[in-house]
Amino acid sequence: MQIEAIEPPLALLAEVTHRCPLQCPYCSNPVQLRGASGELTTAEWLRVLTAAAAIGVLQIHFSGGEPTARVDLPELVRHAVSTGLYTNLITSGVLLDQRRVDILAEAGLDHVQISFQDAEDVNGDRIAGMSGAQKKKREVSAIIRRAGLPLTVNLVVHRQNLERLPEMLDMSVALGASRIEVAHVQYYGWALANRDALLPSRAQLDRATEAVDAARARLAGAVVIDYVVPDYYAHLPKACMGGWGRRFLTVTPTGLVLPCHAAESLPGFDFPSVRDWPLGEIWRSSDAFNRFRGTAWMPEPCVTCDRREIDWGGCRCQAFALTGNAAATDPACGRSPDHGLLDVAVREAEGEPGPFVYRRIGGKAEAAG
Ligand code: SF4
Ligand code: SF4
């Protein structure tokens with residue numbers, strides 16, 4: 001792909017902090033988490049938001065960690081709104097209350113996505129690694145709706161909650177969600193470390209798909225339900241991030257700019273920082289964004305495949321996690337010579353689940369159990 005052909009990014013994921021009171025074992029943050037020291041300052045984030053709008057970004061997704069752990073979040077939202085960005089908050093909800101939601105609504109926040117671990121409190125709190133989390137999330141969801149903010153409920157599903165997907169869908173509707181995102185765990189970072197505990201069986205997946213189909217029929221016209229079959233049971237890969245460097249960029253808590261939120265798991269990259277480079281230059285000219293952009297980097301069978309500009313060869317992080325080669329065809333593709341690697345994991349999913357390795361700042365070594 002030529003530099004001239006590069007279109008502006010659609011959305012920026014602002015990971016404003018890695019701090020989070022929850023410890024989800026599928027967290028998409030890197031295994032080596034950063035603490036508060038080294039986080040971008042308020043002034044630095046304001047500059048990032050201004051630059052994002054200037055290069056054509058339309059949507060900003062405030063995420064983390066838990067983005068509400070930053071007390072300057074309302075200031076960031078207010079500034080993003082003033083530059084014309086659509087603002088979405090992706091939160092666990094557990095640090096919010098009436099006062100903080102009102103301040104965010106007053107700042108102009110457009111939309112909230114709140115995640116739930118289960119419909120059942122004991123298991124939900126166990127997965128989150130936080131007692132009382134589920135109850136708090138329900139309370140905060142009601143506050144969000146009373147504030148007039150549209151609500152999406154994110155249901156991250158896996159082997160240890162998938163049986164209750166029908167109840168989780170009912171719970172989301174009762175909470176007032178206008179959209180429900182049923183997201184199967186993606187296996188890199190913390191989730192790869194927990195794959196034995198999280199990967200569902202084929203029978204579980206089939207029942208979950210039936211539950212989604214039934215809910216979609218029942219709720220048609222009232223609630224949108226997004227659902228994608230997990231990669232390990234797919235025969236064609238997803239267009240991960242809409243293609244590397246085509247639609248999305250992520251800014252990490254310390255200011256690194258990534259083509260995808262998991263890209264730090266890839267070796268051989270020197271990801272540029274907003275502290276050193278203008279955002280537009282990073283998007284257009286950096287090696288990090290150009291390495292897997294377009295189709296020139298592709299190996300066989302992708303390079304001669306008629307789907308190469310549909311799925312862009314799938315997920316680079318999954319290719320590396322499974323094959324050790326970030327430039328390999330995503331093994332989720334049935335045409336990949338490495339597709340059999342998924343079969344091994346799927347067979348293991350029929351056995352007893354392993355224990356969770358909880359997400360903690362300080363890294364995997366400290367996170368036994
Ligand atoms: S996935 Fe869980 S642990 Fe990770 S940032 Fe979200 S709420 Fe926190
Ligand atoms: S061979 Fe490559 S381009 Fe073709 S479907 Fe598979 S991953 Fe996509």
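Visitor: Where is Gly176 found?
Guide: This is a predicted model. Gly176 is found in the loop between α6 (165–174) and β6 (179–184).

Visitor: Why is Gly176 called partly exposed?
Guide: A residue is buried with 20 or more other C-beta atoms within 10 Å and exposed with 12 or fewer. Gly176 has 15, so the term that applies is partly exposed.

Visitor: Which residues does Gly176 touch, not counting those up to four places away in sequence?
Guide: Ser141, Arg145 and Leu151. As for Pro150, 26 residues from Gly176 along the chain, the two C-alpha atoms are separated by 8.6 Å.

Visitor: Which members of the largest nonpolar core touch the most other members?
Guide: Leu12, Ala52, Ile60 and Cys317, out of 98 residues in that core. Leaving aside residues up to four places away in sequence, Ala52 touches Leu12, Val57, Ile60, Leu85 and Leu279.

Visitor: In what order do the strands of the open sheet run?
Guide: The order of the nine strands is β7-β6-β5-β4-β3-β2-β1-β8-β9, with mixed pairing. β7 (224–227) and β9 (257–258) are the edge strands, as each pairs on one side only.

Visitor: How do you know that β1 and β8 pair?
Guide: Pairing requires at least two bridges between the strands. β1 (residues 11–15) and β8 (residues 248–251) have four, in the parallel sense, so they count as paired. In one of these bridges, Ala11 has Phe248 in β8 as its partner.

Visitor: What surrounds ligand 1?
Guide: Its shell consists of Cys20, Leu22, Gln23, Cys24, Cys27, Asn29, Gly64, Gly65, Glu66, Ser92 and Arg359. By class these are four nonpolar, five polar and two charged residues.

Visitor: How many residues surround ligand 2, and which are closest?
Guide: There are 14, and the closest are Cys302, Cys305, Arg307, Arg308 and Cys333. The shell around ligand 2 has six nonpolar, three polar and five charged residues.

Key: Residues numbered from 1 in each chain as written. Chains lettered and ligands numbered in written order. Predicted model: local features only at pLDDT ≥ 70, side-chain atom pairs only at ≥ 80, totals over all residues. Near = placed C-beta within 6 Å. Nonpolar A, V, L, I, M, F, W, Y, C, P; charged D, E, K, R; others polar. Helix = DSSP H or I, 4+ residues; strand = E, 2+ residues; numbered from the N terminus. Contact = placed C-beta atoms within 7 Å. Core = buried A, V, L, I, M, F, W, Y, C linked by C-beta atoms within 7 Å.
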